[in-house]
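Subject: Structure handover

Hello,

Here is the structure for your files. My notes on it follow below.

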Amino acid sequence: MPPTPPQITAFVPYTGRDFTRATVAQLAGSGLVAKTYLLAGGAGAAVEGAETIAVDALHSWATMKQVVARSAATPYALLVLHDTAVELGQFALERFINVARWTGAPIVYSDYTDLRTAAAAGERKRVPHPVVDYQLGSVRDDFDFGSVVLLDTGAVGRAISDLPEEDLRFAGWYRLRLAASRIGLPARVNELLYTKVEPDARKTGEKQFDYVDPRNRALQVEMERVATDHLKRIGAYLEPRFSSVDFNGQHFDVEASVVIPVKNRVKTIGEAVRSVLEQRTSFPFNLIVVDNHSHDGTTHLLREIAAADKRLIVVIPQRHDLGIGGCWNEAVHHPRCGRFAVQLDSDDIYADETTLQRIVEVFRRERCAMVIGSYQMTNFQLEQIPPGLIDHREWTPDNGRNNALRINGLGAPRAFYTPVLRRINIPNVSYGEDYAVGLAISREYQIGRIYEPIYLCRRWEGNSDADLDVAKSNTYNAYKDKLRTIEIMARQRLNAAVPARP
């Protein structure tokens with residue numbers, strides 16, 4: 001049987017590190033790589049067995065066009081996305097190629113293994129790192145493909161052939177993979193096909209706010225432009241036209257209700273409740289705390305406070321299957337819920353006594369169905385901690401609801417016009433429920449914003465997203481991708497004038 005001819009052109013980042021030589025040697029020894037290119041910041045880079053391409057930035061559009069053009073002679077291109085050591089597994093390249101052939105996917109990616117060094121003993125440990133399946137809603141710009149992807153050069157070439165020239169320094173790879181996904185979804189191989197050294201050892205709670213870091217503003221502008229174009233091309237872009245909100249169509253005993261779902265937060269719930277009851281407003285308000293069957297003293301503490309202040313309504317659900325979203329539904333459908341339902345988590349506090357007043361003023365002034373504020377990250381001594389202020393200034397009134405599909409959250413505190421929320425309801429989950437309802441509301445209504453900090457988000461070891469393991473992070477990311485899939489499909493139907501079933 002004749003040997004299989006080389007089918008891959010490989011592209012490897014190079015910044016002068018020795019591990020690149022080992023990667024190039026692996027590729028050369030596979031028998032499947034026709035040529036390897038180094039993607040380098042200058043022309044002086046040299047590694048035996050590879051040719052250097054000087055690029056402006058690793059993920060720029062100019063670099064991606066070079067990858068597609070220089071790999072045209074082979075059916076596939078192997079692209080290493082990060083400047084990190086990569087060790088290919090047994091028959092890894094063959095597996096990548098076979099999956100690409102059998103599925104017709106324009107991009108193939110896989111699970112991998114992290115190689116970590118234990119600080120104490122200096123031992124190297126291999127830790128499995130699964131990723132998640134790509135779906136229609138995987139349009140967030142931080143989707144984790146790992147560090148190695150295989151491109152079908154013909155398919156990718158066709159996917160980008162009609163794209164106009166763009167000066168994109170940061171969003172080139174993002175643009176390419178979105179374009180490829182329009183002709184076929186990327187395929188994940190849930191096998192550990194290679195090992196790499198983790199290039200970013202920060203906790204997940206630190207990474208998740210990179211997109212709102214003002215230092216990354218130029219990157220965000222590019223990403224938004226690419227995401228918006230993609231939504232237009234798949235029929236999911238929404239023009240800046242919004243339904244109006246009539247705040248006088250229904251009677252409410254109070255203007256606003258703050259909603260706090262809680263379970264076993266006796267150390268923090270008292271401060272959260274006090275920060276609400278100390279609010280100074282020109283209108284009547286109350287506080288609905290949904291105590292999800294606490295057993296640590298939370299219930300007793302809440303009843304003591306409620307006995308002294310009738311504005312506090314403590315609700316203990318009859319159901320025992322409620323997540324945070326389900327607790328919110330209990331509060332919103334409560335007969336004493338006010339015209340506006342305003343969020344506060346049981347760990348957090350309002351920044352000062354004006355928070356509630358400012359939120360309601362935005363509702364009245366802008367006649368929107370939802371208002372989102374800004375928050376300060378602090379420790380329990382209320383000292384600012386990184387990343388500091390989270391204000392989501394990437395939001396714009398015209399394009400915010402489209403860009404919302406690219407990012408992982410909308411901010412806090414969140415507040416809702418109660419009749420709209422009662423119609424939509426909140427998913428009965430404990431992560432992403434706020435994002436789900438925000439996307440659904442934005443499909444029809446405008447969302448008002450407050451860019452000054454009106455909320456203090458206190459980080460501590462009990463926070464749900466302070467540091468997630470890979471499995472939990474993947475579960476959360478896959479769920480939000482599913483929410484985006486549902487929302488994109490809803491927007492496509494809306495644009496196609498397909499009526500929703502009654």
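First, the naming: helices (H or I, at least four residues) and strands (E, at least two) are DSSP runs, numbered from the N terminus. This is a predicted model, in which local features need pLDDT of at least 70, side-chain atom pairs count only at pLDDT 80 or more, and totals for chains, interfaces and linings use all residues. Residues are numbered from 1 along each chain as its sequence is written, and side-chain values use heavy atoms, with hydrogens and water left out.

Backbone

Histidine 293 sits in the loop between strand S11 (285-291) and H9. Its phi is positive, near 65°, and the residue is not a glycine. One runs from proline 386 to proline 387, with omega near 5°. Proline 387 belongs to strand S16 (residues 384-390). Another joins alanine 412 to proline 413, with omega about 0°. Proline 413 is in the loop between helix H12 (400-403) and S17. For context, most residues other than glycine have a negative phi, and most peptide bonds are trans.

Helix pairs

Axes here are lines fitted to C-alpha atoms, for helices over the stretch in contact, and angles run from 0 to 180 degrees between N-to-C directions. Angles under 35 degrees count as roughly parallel, over 145 as roughly antiparallel, 65 to 115 as roughly perpendicular and the rest as oblique. Contact means heavy atoms within 4.5 Å. For residue classes, Ala, Val, Leu, Ile, Met, Phe, Trp, Tyr, Cys and Pro are nonpolar; Asp, Glu, Lys and Arg are charged; the others, Gly among them, are polar.

Take H8 (residues 269-277) and H9 (residues 298-308). Their axes come within 10 Å and cross at roughly 25°. The two helices are therefore roughly parallel to each other. On the H8 side, Ile269, Gly270, Val273 and Leu277 make the contact; on the H9 side, Thr298, Leu301, Leu302 and Ile305 do. The classes are 6 nonpolar, 2 polar and no charged residues.

Next, H5 (residues 172-181) and H7 (residues 217-233). Their axes also come within 10 Å, and the crossing angle is roughly 10°. That makes H5 roughly parallel to H7. Tyr174, Arg175, Leu178 and Ser181 of H5 meet Met223, Val226, Ala227 and His230 of H7. This contact has 5 nonpolar, 2 polar and 1 charged residues.

Cavities

A cavity is a set of points, on a 1 Å grid over the protein atoms alone, where a 1.4 Å probe fits but cannot get out; lining residues have an atom within 4 Å of a point. Grid points are joined across faces, edges and corners, and a volume is the space filled by probe spheres set on the points. The count is 4 cavities of 30 Å³ or more.

Strand S17 (414-417) and helix H14 (433-442) each give two or more residues. H14 has the largest share, with 3 residues. By class, the lining divides into 4 nonpolar, 1 polar and 4 charged.

The second largest cavity holds about 40 Å³ of space. Residues lining it include Val12, Phe19, His82 and Asp83. Here the largest share, 3 residues, comes from H1. The classes in this lining are 5 nonpolar, 4 polar and 1 charged.

Best wishes

Note on methods
On a 1 Å grid over the protein atoms alone, a cavity is a set of points where a 1.4 Å probe fits but cannot get out, and a pocket is an open set with protein on both sides within 12 Å along at least five of seven lines; lining residues have an atom within 4 Å of a point.
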